[in-house]
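Reader: Can you walk me through this one? Keep it brisk.

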Amino acid sequence: MQNVLTTFLQLIRIKQWPKNIFIFAPLVFSRRLFNSDDFIKTVTIFFAFSFVCVFVYIINDIHDKEQDIMHPKKKLRPIASGEVSPATALIIGIISFIIGITVAFFTGKYMTVAALLIYTALNLLYTFLLKQFIILDVFIIAVGFCIRVIIGAVAIGVTTSQWILSTTFAVSLILGFGKRRHELLSLKHNASGHREILDEYTPQLLNIMTCISTSITAVSYMFYTMESEIPELLYTFPLVLYALFRYLYLVYDKNKGGKPEEDLINDKGIIAAVVLWGLLIIGILYCSAGGH
């Protein structure tokens, strides 16, 4: 029974669900974190989105089964390893998609459902076509994170700052290019067999694009804090900068980046920076500014 549960959790990629925490950004930055109605709406959309993502993950795993078999870690995924048949996985994915869309529909926000459908369509295009185009493949992933933020904003009826979206997009590029770099270096001559587009990338190009994306992230977040009606937010900037540099350290000196969601939660330096940043954000937005 335990093995079945473990396989199921691997199939739905439960470890990647924390990426959907971007949905909470509008709730926090609009100073509505302690508004019970908005909090419940955001949590509900978080799970709705996560269920829709399960469908996307499964379609991707079915499509990439042969390529995943060539990857030292992805070959252990349920579909690639043969533990779960593509037909069974597809049924689970469709059920998850129906659950996610249904939950979103009953929140009463039709724009949320529309955003979920757009996210799904974009990722299906990515799986079957767009992942074959250099740079665009990572851009599509970054847009997906922006959609997370937009969905969170739509769910509670607020407007998202352009600088928050810019920061989200740029930090997603860092993670995406860092992952491509890790795949290229770790798989070496087998890289293109796992992901065809890796033939188009070089470590030097990925290094440059990662550094540019880091600069854009830092500048975008700095502009957000400077243009905010709460000037004290600028005090959080050093923590963001530290976390960015710490991640670059992991990518370039420790050869990390293959699984950014795990690298981020396993590094004590980044965890400390994020926790301090979160506490400072809460303190500034909800205490010194009076909160909502």
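Author: A definition to start. Helices (H or I, at least four residues) and strands (E, at least two) are DSSP runs, numbered from the N terminus. Now the ground rules. This is a predicted model, so local features need pLDDT of at least 70, side-chain atom pairs count only at pLDDT 80 or more, and totals for chains, interfaces and linings use all residues. Residues are numbered from 1 along each chain as its sequence is written, and side-chain values use heavy atoms, with hydrogens and water left out.

Reader: Where does Ile135 sit?

Author: Ile135 is in the loop between helix H7 (110-128) and H8. Its phi is positive, near 70°, and the residue is not a glycine. At 32% relative accessibility, Ile135 is partly exposed. Here buried means under 20% relative accessible area, exposed over 50%, and partly exposed in between (1.4 Å probe, protein chains only).

Reader: Which loop holds Arg13, and is Arg13 buried or exposed?

Author: Arg13 is in the loop between helix H1 (2-11) and helix H2 (25-29). Arg13 is buried, with a relative accessible area of 11%. Phi of Arg13 is positive too, near 50°, again in a residue other than glycine.

Reader: Back up to the fold. How many helices and strands?

Author: The protein chain has 14 helices and zero strands. Its radius of gyration is 19 Å, close to the 19 Å that the globule rule gives for 292 residues, so the chain is as compact as a globular protein of that length. That radius is taken over C-alpha atoms, and the rule is 2.2 Å times the number of residues to the power 0.38.

Reader: And the box?

Author: Along the principal axes, the C-alpha atoms fill roughly 55 × 45 × 35 Å.

Reader: What share of the residues is buried?

Author: Buried residues make up 47% of the 292. The accessible surface is about 14600 Å², and 68% of that belongs to carbon and sulfur atoms. Those areas come from the Shrake-Rupley method with a 1.4 Å probe; for residues, only the protein chains shown count as cover.

Reader: What about contacts across the sequence?

Author: Take contacts between residues at least 6 apart in sequence: 71% join residues at least 24 apart. Contact means heavy atoms within 4.5 Å.

Reader: Now H8. What does its length look like?

Author: H8 has 21 residues, which should span 30 Å at 1.5 Å a residue; the end C-alpha atoms are 31 Å apart, which agrees. The expected span is 1.5 Å times one less than the number of residues. H8 is mostly covered, with 15 of its 21 residues buried. Gly157 follows H8, and its phi is positive, near 70°.

Reader: How many aromatic pairs overall?

Author: The search of the whole structure finds 16. One of them is Phe139 with Phe169, edge-to-face, at 5.3 Å centre to centre and 90° between the planes. Phe139 lies in H8 (residues 136-156) and Phe169 in H9 (residues 162-187), so the pair ties together parts that are 30 residues apart in sequence.

Reader: Which residues form a ring cluster?

Author: Trp17, Phe24, Phe39, Phe46, Phe47 and Phe51, linked by ring pairs.

Reader: Which charged end sits over the ring of Phe145?

Author: That of Arg148, 4.5 Å from the ring centre. The test asks for NZ of Lys or CZ of Arg within 6 Å of the ring centre and within 35 degrees of the ring normal.

Reader: Switch to H11. What does Thr214 touch?

Author: Thr214 is in helix H11 (residues 203-227). Beyond its neighbours within four places in sequence, it is in contact with Ile174, Leu244 and Leu248. Thr214 is buried, at 6% relative accessible area.

Reader: And Leu248?

Author: Leu248 lies in helix H12 (residues 237-252). It is buried as well, at 15%. Not counting residues up to four places away in sequence, Leu248 touches Thr210, Thr214 and Asp253.

Reader: Which other residues of H11 are buried?

Author: Among them are Leu206, Met209, Thr210, Tyr221 and Tyr224.

Notes
Phe/Tyr/Trp six-rings, centres within 6.5 Å; stacked < 30°, edge-to-face > 60°.
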